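Hi,

Here is the structure I promised to pass on to you. Have a look at it first, and then read on for what I found.

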Amino acid sequence: MRIGMIAPPGAGKGTQSALIAAHFNIPHICTGEILRDHVKRGTATGRVVSGYLDRGELVPDEVLCDTVHQALNDVIAAGGDFVLDGMPRTMDQARAIHRVSTELGMAADVVLHLKADDETVRQRMLARAAVEHRSDDTEPVIERRLALYHQMTEPILAWYAFRGILVTVDATRTAAEVGREILGVLEVLRPVIRNVPEKMRRPVDLTMLTPAMAQRG
Ligand code: AMP
């Protein structure tokens, strides 16, 4: 499976990506983790990106490209399957990834959208701050990351929906509930997805189930 992830900060992207990677035994590329690791090791890249991370700003594309290059080589060496977590964040990144991955015959089969409202993810990030001490889990930086998500990242969803590869899940539930739903839908799609011609694919929105089921009691 080749899986992309789009989610607001704090929606559980890292947790669910790790679960998918372990379940399907495929590489997990997490751009945020790669960048944070550079900062921790004090590399030249780390010194360039640390200010961006601390302010919740997006790192420039050229720095990002150099940084994920190695991870992409690892993916190719491992057979071409992946979970890509943290990228794309902008329409430009989405187009670049699509171009490169299509040339390599490695375009995403599915893009998972973890849908969660701002208030839920705010509370989660503030709770995480107490445990993980991430430099960007402070109130003003959380607000900046949320604003950037709505402005730069959310518009990409329409493009994936139009291409029929978007699967939206309600990420406000517990990690276990969300994980069960994701693995279920991926297992169902896995044997068939590449046999469905692109123009016959359609987006799947599983969030509509939550209110419908609640109404039925
Ligand atoms: P995350 O762990 O996905 O929340 O990412 C943490 C931070 O890493 C972001 O706030 C950005 O500063 C940076 N970052 C991660 N992925 C990207 C990306 N695709 N483009 C630009 N900046 C990124």
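This is a predicted model: local features need pLDDT of at least 70, side-chain atom pairs count only at pLDDT 80 or more; totals for chains, interfaces and linings use all residues.

Helix 5 gives the most, with four residues. By class, the lining of the largest cavity is made up of 14 nonpolar residues, three polar ones and one charged one.

**The second largest pocket**

Next comes the second largest pocket, with about 420 Å³ of space. It is lined by 20 residues, and Val68, Leu72, Met87, Ile97 and Val100 are the closest to its centre.

Helix 4 has the largest share, with eight residues. The lining of the second largest pocket counts 14 nonpolar, three polar and three charged residues.

**The largest pocket**

The largest pocket holds about 970 Å³ of space. Its lining takes in 46 residues, and the closest to the centre are Lys13, Arg36, Arg89, Arg134 and Arg145. Sorted by class, the lining of the largest pocket has 20 nonpolar, 13 polar and 13 charged residues.

Quite a few elements take part here. At least two residues each come from strand 1 (2-6), helix 1 (13-24), strand 2 (28-30), helix 2, helix 6 (118-132), helix 7 (139-153) and helix 9 (175-189). Helix 2 gives the most to the lining of the largest pocket, with five residues.

**The ligand**

Where does the ligand sit? You will find the ligand in the largest pocket. It is surrounded by 17 residues, the closest being Lys13, Thr31, Glu57, Gly86 and Gln93.

What is the make-up of the shell around the ligand? It has seven charged, six nonpolar and four polar residues. Helix 2 (residues 31-41) gives the most to this shell, with four residues, and helix 2 likewise gives the most to the lining of the largest pocket.

- Gly86: a backbone N or O atom lies 2.9 Å from a nitrogen atom of the ligand.
- Gln93: a polar side-chain atom lies 3.0 Å from a nitrogen atom of the ligand.
- Arg134: an N or O atom of the side chain is 3.3 Å from an oxygen atom of the ligand.

How much of the ligand does the protein cover? On its own the ligand has 480 Å² of accessible area, and the protein covers 97% of that.

**Two backbone details**

Two places in the backbone are also worth a look. Met87 and Pro88 are joined by a cis peptide bond, with omega at about 5°. Pro88 is in the loop between strand 3 and helix 5, and Met87 is one of the residues closest to the centre of the second largest pocket.

The other place is Asn25, where phi is near 55°, a positive value in a residue other than glycine. Asn25 is in the loop between helix 1 and strand 2.

Enjoy exploring it!

Best wishes

Technical notes. Residues are numbered from 1 along each chain as its sequence is written. Side-chain values use heavy atoms; hydrogens and water are left out. A residue is near a molecule or strand if one of its heavy atoms lies within 4 Å of it. A polar contact is a pair of N or O atoms within 3.5 Å; within protein, one must be able to donate a hydrogen and the other to accept it, and residues adjacent in sequence count only if both atoms are side-chain atoms. Accessible areas come from the Shrake-Rupley method with a 1.4 Å probe; for residues, only the protein chains shown count as cover. On a 1 Å grid over the protein atoms alone, a cavity is a set of points where a 1.4 Å probe fits but cannot get out, and a pocket is an open set with protein on both sides within 12 Å along at least five of seven lines; lining residues have an atom within 4 Å of a point. A molecule sits in a cavity or pocket if more than half of its atoms lie within 2 Å of its grid points. Ala, Val, Leu, Ile, Met, Phe, Trp, Tyr, Cys and Pro count as nonpolar, Asp, Glu, Lys and Arg as charged, and the others, Gly among them, as polar. Grid points are joined across faces, edges and corners, and a volume is the space filled by probe spheres set on the points.
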